[in-house]
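Subject: Structure handover and findings

Hello,

Here is the structure for you to look at. My notes follow below it.

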Amino acid sequence: MSQEKSVCCFCRLPRATFECEVCSEPVCRSCVLRLPEETFAMLPEKPAGLCHDKYCPRCHDEHIETALTTYNEIMERAKNVGYWAKGYRGHVPVLKKARFDISVENGLDRDDVLLRLGFKAAQAGFNGLIQGEVTSAKVRNFGYQKMTWSASALPCMVDDEKLAREEYREAHWRILHHR
Ligand SMILES: [Zn+2]
Ligand SMILES: [Zn+2]
């Protein structure tokens, strides 16, 4: 960043000490917007525009705001995705099933893999997961052992009205309620 470019691209005060990582314009401490690393953590692959750390307000608006609204909306649905483990003997009011199983790997714990699974299902427009399986394995990591978690399930559409009725309330388990 050259000396003459130190006027903030947003507030125009001559004290820009940062550079927007999208448009490369100088931006000052009070205008710069930082993106915590864990934002969009559930996305299997972050689009390039969401991978930066420092944004000017204009680029933040353009790249982050909309994406974050969509992300948060999917996250809310993910927390309400119903989950039924493989071997569940009760009736699940399934309206439609996905054609393929989905899976997640390298999770920190059971909650982590289930929420990520729920996110994938919600992203594809489903509100339930059936035939779910959660597995954990010990792996050696530089001399100490740690657990790594995986999960898979078949996404489906379940009848939410039926689920809301008493007879189903006991039988199912929502990702949100577990967390
Ligand atoms: Zn500024
Ligand atoms: Zn910018």
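First, a term: two residues are in contact if their C-beta atoms, placed from the backbone, lie within 7 Å. This is a predicted model, in which local features need pLDDT of at least 70, side-chain atom pairs count only at pLDDT 80 or more, and totals for chains, interfaces and linings use all residues. Residues are numbered from 1 along each chain as its sequence is written, and chains are lettered from A and ligands numbered from 1 in the order in which they are written.

**Overview**

The protein chain has five helices and 10 strands. Helices (H or I, at least four residues) and strands (E, at least two) are DSSP runs, numbered from the N terminus. Of the 179 residues in the chain, 26% are buried. Buried means 20 or more other C-beta atoms within 10 Å of the residue's own; exposed means 12 or fewer; partly exposed lies in between; the C-beta atoms are placed from the backbone. Take the contacts in the chain with a separation of 6 or more: 64% of them join residues 24 or more positions apart.

**Valine 32**

Where is valine 32? It sits in the loop between strand E2 (26–27) and strand E3 (33–34). Valine 32 counts as buried because it has 21 C-beta neighbours inside 10 Å. Leaving aside neighbours within four places in sequence, valine 32 is in contact with Phe18, Val27 and Lys54. Tyrosine 55 is 23 residues from valine 32 in sequence, yet their C-alpha atoms are 5.8 Å apart.

**Cores**

A nonpolar core is a set of buried Ala, Val, Leu, Ile, Met, Phe, Trp, Tyr and Cys residues joined through C-beta atoms within 7 Å. The largest one has 21 residues. Leu117, Ala122, Leu129 and Ala151 have the most contacts inside it. Helix H1, strand E5, helix H2 (110–123) and strand E9 each supply at least two residues of this core. H2 gives the most, with seven residues. There is also a second, separate core of 14 residues, which includes Val27, Val32, Tyr55 and Cys59.

H1 covers residues 57–79 and has a kink of about 35°, centred on isoleucine 64. The bend at a residue is the angle between axes fitted to the seven residues ending there and the seven starting there. Isoleucine 64 is buried, as are Cys59, His60, Ile74 and Ala78 in H1.

The axes of H1 and H2 come within 8 Å and cross at roughly 115°. Axes here are lines fitted to C-alpha atoms, for helices over the stretch in contact, and angles run from 0 to 180 degrees between N-to-C directions. The crossing is right-handed. That label applies if the near helix is turned clockwise from the far one by less than a right angle, and left-handed if anticlockwise. On the H1 side, Ile74, Met75, Arg77, Ala78 and Lys79 meet Leu115, Gly118, Phe119, Ala122 and Gln123 in H2. Not counting residues up to four places away in sequence, alanine 122 touches Ile74, Arg77, Ala78 and Val81.

**Strands**

Two strands pair if DSSP finds at least two bridges between them. E8 (residues 128–141) and E9 (residues 144–158) pair antiparallel over 12 bridges. Lysine 138 stands opposite methionine 147 in E9, and glycine 128 has cysteine 156 as its bridge partner there. E8 and E9 form a hairpin with two residues between them. In that turn, phenylalanine 142 has a positive phi of about 45°.

E9 has other partners. E6 (residues 94–97) joins it by three bridges, antiparallel. E7 joins E9 by four bridges, also antiparallel, and isoleucine 102 is bridged to alanine 153. E8 also pairs with E5 (residues 82–85), in the parallel sense, over three bridges. Tyrosine 83 stands opposite leucine 129 in E8.

**Positive phi**

Most residues other than glycine have a negative phi. Phenylalanine 40 is not a glycine, but its phi is positive at about 65°. Phenylalanine 40 lies in the loop between E3 and strand E4 (54–55). It counts as partly exposed because it has 17 C-beta neighbours inside 10 Å. Asparagine 106 also has a positive phi, about 55°. It is found in E7 (residues 102–107). With 11 other C-beta atoms within 10 Å, asparagine 106 is exposed.

Regards
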